[in-house]
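This short report covers how two chains meet, and then turns to one residue and its surroundings.

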Amino acid sequence: MKLKFSKYLLVTLLIVSSCAELEEKPYGFLSSENYYTTPENVRGGLFYAYQSLYRPDFFQGWWRFNELPARTTMVKANDHSKPKFLPYMSWRVQSNSADNNDFFQACYKGIFRANTVLDNVNTVEFEDENMKNQYMGEAKFLRAWFYFSLVKIYGEVPVYTNAQNPGAAYNTPVSSIKDIYNLIIEDLEYAETNIPEFRIAGRADKTTAQALLVKVYMHMASSKEFGSPRYEWVSGYEDMYENAVSYAEKVSSSGSYGLDTSVYETFPDNLNLSREKLFVFANDYEGDEVGHTQISFIMAPYVGFTDDYYARVPGSNTIRAYKPGYAVFWYNKMYYDTHESGDLRLDLYADEIYLDEAGTEVSDGNSFIGGFKTYWNMKYAAERGSEFGIGTATMHFLRMSDIVLLHAEALGRLNRVDEGIPIVNQIRTRAGLTPLSSMSKEDFDKAVWQERLWELQGEGHIMTDLRRRRMVASFMAEDDLKNSQLSVENRYAVPNRGGTLTYQYFYPLPQREIDLNEAIEPDLEKITLQ
Amino acid sequence: MKTQKFLNEKSQYRVIVFLLLFLFFSFKGFSQNINIKGVVTDQLDQPLPGATVLVKGTTKGVTTGFDGEYSLSVTENAVLTVSFLGFITQELDVNGRTLINIELVEDSQGLDEVVVIGYGTVKKSDLTGSVVSIKTDKIADIPTNTVGTLLQGRSTGLQIINISDDPEGGVGVRVRGASSLVGSREPLVVLDGIPFGTLADLNQLAPGDIESVEVLKDASAAAIYGSQGANGVILITTKKGKKDLTEVFVEMSTTLATYPEKIQRFTDMSKLSRLRNERDANDGAPILFSGQTLNEIYYPTPEEFDSGEYRFYDWLPVTRNMTPEIKNLRAGVRGGSEKNNYSLSLNYFDQEQNIVGASFNKINLLFNDAININNKMKIIASVNLANTNRVNGTGGDFTNGGKQWYPIYNEDGSYFMPFNGYTHQLELKDDYYNEAKGFDILTNLNMVWEPIAGLTFSSRASFNKTTTREDSYTKSKYTERQNDYSGIGFVKNFYGEQSYFINTLTYSKEFGNHNASLMVGRDDQVKIGGMEGIEGKDFDTDTLLNENLPLATPEDQRIFQGYGRQDLLSYFGRANYSFKDRYLLTLTFRADGSSKFGKEKKWGYFPAVGLAWKVHKESFIENLNTFDVLKLRLSAGQTGNQGIDPYQSIERFGSAFFFDAETGSVVNSGGPGNQIANPDLQWETTTQYNAALETAFFNSKLRFSAEAYFKHTTDLLRPKFLPSSGSFDTQLVNDGVIDNYGIEFDLGGTIISRKDFSLDANILFSLNKNEVVDIGTAEDAGLVEENGYRYVVSSTGGGDIIRQIYAIGQPLNAFYGYVFDGFINTHEDKDFAQGNYTEFGRPKFVDQNDDGIINEADRVILGNPTPDYTASLTLSAKYKKFYTEMLFNAVVGNEIFDVDRTARPANRLDAWSVNNQDAQHPINQNAEYLPSSYNVVDGSFLRFQNLTLGYNLEIPNQNIFKKMKLFCNVSNIFVIHNYEGYDPEVGFDPSTGVVTGVSNSSASWDYIGEFPRQRRFTLGLNMTF
């Protein structure tokens, strides 16, 4: 009888007991439950924020938005992704244009990751308080970097200063451009104060923050001075130029950074030699797994799948192998032809490529694509490549030439032409050109602008420069005129240009943001701003 | 004969027990006991061993012996109940007779057969839910490794899409349509009571070991599986040992596969080179066949082909195995006694693959044993060991990479290698090695205890372990050509562990006209899956293959790892009640707690009710003498779909490599960004209503049944799009509705039934309509655009060209695009056409909204991959000892998106040109066109799927053989269709489980991306000792 009872008890136990576990625990992946407990985690989170720069969404969008509308770069006529580029080249961007949402979202990914570092840093105990402040400074630099990228492209955007609970609805209205700049400057000032100068490729340090401040103040100053739309709130452009000058001086006097003695030290990309790189990708030139920007992939010529191409090393007569790409973009002949003769920078564009070291020319005439004379951009030529031969050149987000030219430009605008001349001459003499001598404010401004076009071609700055100097329409009209004077085979393959430019000063917010963020209405005025 | 004696003792004991019982329970009167005996046979006078002869109203009875004989002591006026699986149970009065031979009639409808339902069995006639039972004796002769293939055309409401001849898959299974976007669409497979997974997971079993397959279609049947039941349930029962029937069997078959259709290709190099040159000219590209050398390959001119200086070499026979063989060998023993019933079978299956050098084989051993501890308790145990070995091949390009004018061999028989770095298909085969070895163990232990009559407790534990080791090495000769390094090798180990612990308590009671049973239970499941792998590349030598990966260049060594766990805890119950065996009621309930769902939604509840009325038992119908069966069934209830990966409801950080230039090393970085938590994530719920009518006439020789159903799936799992400034793309939410509704007919009849000859026919017809009713607001569903179809959301995902969408009011994955309207012939046509597609000879599209331009707004629904209906016809006949079976299978009203339509050789000969403006196909160009009705073609077909012819030989007792069967089988005999490709049964994507209806695309200028389906000839011999 006892046995029987225990049998029933067993049955009852079997029915009631459990081995299943219904609460799910993260296995083998990170979540807020198991991360941000040590300073190393904070560093990992910070690197993750830096890592946002690697997203093709971000850097390709950043590059295309800035470069394609200025048309200093040409695009392969029969490239399968050309339809994506056309709206930008023909100034017919729409809220749902390809890349528009991707770039916008990629910036917010970077902001979200930076905000997460800032939100969590105080829960972690640091032995070295300076280290904590440095990490916070770098996170704030990145946040400023992404907001500055956004505000230049879109104007008013939603601002988040902490990592929202992602499950909650995002219904945040846009902030004013003024408020966004205030946040950017505040963040960069914090970064400048709290990060030492350490010059590590791929990271931002004190000088990098100062360099970005130069760009920020220049954007504010010239936008105000030239009357670019929606910058009326800037208090006085002279002050802003002064700020830009003072930060540019700080950058120039930095011990670690400086202009390279030759343009060929910076290009083709060679990380170890160059002192000029203020902010670049953290690019592993040796390994296969990380640091692949794919930027070389779209810039380099194609001679066969994964086959190296050969080209003359700029500034020498040696022919050597470079990693191939898909031959999508190259320097526009029309702008190539504007260079003064003897400009050493012309050698950064290869119009002949070869199959081997002996200089056997590519049989199907690769220097002409779709009828266009091609000048391959050796700025992105890569000596090493990944598994599939993708080149590993870096992306230059900020480099010294840019800051030097902005410095000169600011001095010119402040009527300090004589101070500006030796500064811009650093660039000119390095490029093998005759130095400028004393000239009027207007002539100097033109000369500096021309120097910018030559020096920074294909590096992702020109369109925002046109915007801050309020010269989109005039520049494009001039470009149209020049283009129409070219022989047919050298004209752009940009159909239906029609002369009307839309969204000259700010691109529309992506359609998805307008649709899904209930606090946002389409800004219809943007389309006609001139 | 020790056994015999033991049995006798046992019988005596039982007689005493029975007598005692008799004393206790029988007060009706005194009757005299007599001994009766006899033989139980079938209609063909074959003895039926193992038939049950029972005295009605008692538990007293015996089973027949080898020769069908029985003997029993009964009262003079007893009533005997004689039953045998697959035969109609007979009742007969003893009436004082002592010799009673009984002929049982085969029950072609199997009304008395017991069918397996979730956590129990029920007499088929007592079903209230929609359950189809498929006996495997009819399909045992078909050579295959995939169970899904066998089920095609065998059940209404069951659609099997079989797209490949691969021994391990390519089979999609749908029960009454698909009702999920991101969740699983495959039915739950329950193997011997264990809720195993999907049919694709079940690779361990040999189809020959299957006794029966039951398909649970409606909610009354499937709700007992709760959150796993929404896609229907397939119950698979393996063969068990039978008492007093020891048999040793050996079964062998050999299959030769052929390709009934010609490979669509050009063998005339002169014509092919001219076509290619014409294409290049049309593209404005350099002419390829111009006598040039490009990357060291010489491209002759068409004239050089004409003159015979260069010719065509046929690479097909050396790269593809055009007559692959399948070998199947089974051997085993089955038997049993009072104490112990066992079944042991060993199976060997070997299938050659189409690519030369690729193969698959499997050895598995299945052991079942049921041990009677005493008359109240038994233990049933089973072990299945399966070892698979798959060798994957490469080098199967029968166009030699478009260089068919290059010979295969030199005159001395060595490979023709014109230059260093040349890719030779056969050398490619030698350079690549990839092998997957699987070893799986499935165990199942079930204790059944019946402490008092009618009360059964069953405790079932099952543990399965599956492992696969994948080895691969690609030699440096290959990788140096294609990549930048010398050799790549890896080892990957995949493993899975599933534990099940299922306890049920069942109580049945009959009192008067009432018959009731109640079952309650609980089911614990833990499933763990993971993998580890190491990879290395860049080796100094190829000799070690992947045996010493640390020899790879250190920075090129990689590690892979993955892990996941999911838990399910369930309580369930079922109550059956019948009154006068006429009115039946089934109530089912299941509560499921799953680890996969959000913190707030851990538990789901799934109720169902089923009603049945056996109208033929009512006197007013009985009196009509028309119906043998007239039964009505009604059911309603809910099931769920929890078929998603684990960890989708909780927050997930991303991680990525970052190159730390400070230390010069690659470090890991991490942070939020991979996945947003959704604490409210839960299962999809399907509410299903089912009505059915079952009839049988003329002694059940004519049978007809009809079912109608409506399936309403709510809380559809789908990705919800988020504002971009939130930095996340989507979040998995429950929002949306999909409906499926349809009717099913099953008409079967015994057309001829004579002693020497019988002919049966069975027609199945299933019609299912599928409709997306709601997928959230347009914006958060990822709106492509809004037009007449309301929300139009890409279902093909990514890419610039959308060809399939979810649209409200349309079936899943509807084809979407422009309406083809001939070709651009005139300048007006050209001005009208759109952007990049404005050249002569390219397709012209209809301007749907008459706005004068062709743009996205002119796209319409062009068709869908869901058939209007499916039907099948089975004919089976027996003549003396010969038997035959034929299966015809039809799918009607679905469309195919034929990606490669322009590339087909026949179509390229009718390409548009200035001189051929009435052509049916676009200009010979290297172009991808916008999706249009040009590509959407009818996918209906009728397939003569299977023909079996066999001969059963019975050999008298003295011989060592008891039975012998000789059979031949032909499968895929012919297909009637309109599709220009080989076989219209295309468009199932095994990686996503979606029925796409899109043809396999990898066409190049000289090659169609498809390959024909096999026709298989099988010869088999089964022997029983």
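## The interface between the chains

Chain B and chain A bury about 6400 Å² between them, and 60% of that area lies on carbon and sulfur atoms. The model is a predicted one. In terms of contacts, 73 residues of chain B touch 72 residues of chain A.

Three salt bridges are counted between chain B and chain A. In one salt bridge, Glu662(B) pairs with Arg203(A), and the closest N and O atoms are 3.7 Å apart. The interface of chain B and chain A also has 13 residue pairs in polar contact, counting pairs with both residues at pLDDT 80 or more.

## The chain B side

On the side of chain B that touches chain A, the largest share comes from strand β32 (residues 652–660) of chain B, with nine residues. Sorted by class, this side of chain B has 31 nonpolar, 22 polar and 20 charged residues.

## A buried aspartate in chain B

Asp739(B) belongs to strand β38, which covers residues 737–753 of chain B. Is Asp739(B) buried or exposed? Asp739(B) is buried, yet it has no salt bridge. The nearest side chain of opposite charge is that of Lys711(B), 10 Å away.

The side chain of Asp739(B) does make a polar contact, at 2.6 Å, with the side chain of His712(B). Leaving aside neighbours within four places in sequence, the residues in contact with Asp739(B) include Phe710(B), Lys711(B), His712(B) and Thr713(B). Lys769(B), Asn770(B), Glu771(B) and Val773(B) are also in contact with Asp739(B).

Terms used. Residues numbered from 1 in each chain as written. Chains lettered and ligands numbered in written order. Predicted model: local features only at pLDDT ≥ 70, side-chain atom pairs only at ≥ 80, totals over all residues. Heavy atoms only, no water. Helix = DSSP H or I, 4+ residues; strand = E, 2+ residues; numbered from the N terminus. Buried < 20%, exposed > 50% of the residue type's maximum accessible area, 1.4 Å probe, protein only. Lys, Arg positive; Asp, Glu negative; His and termini not counted. Salt bridge = Lys/Arg side-chain N within 4 Å of Asp/Glu carboxyl O. Polar contact = N/O pair within 3.5 Å; in protein donor to acceptor, adjacent residues only side chain to side chain. Contact = heavy atoms within 4.5 Å. Buried area = accessible area lost by both parts, 1.4 Å probe. Nonpolar A, V, L, I, M, F, W, Y, C, P; charged D, E, K, R; others polar.
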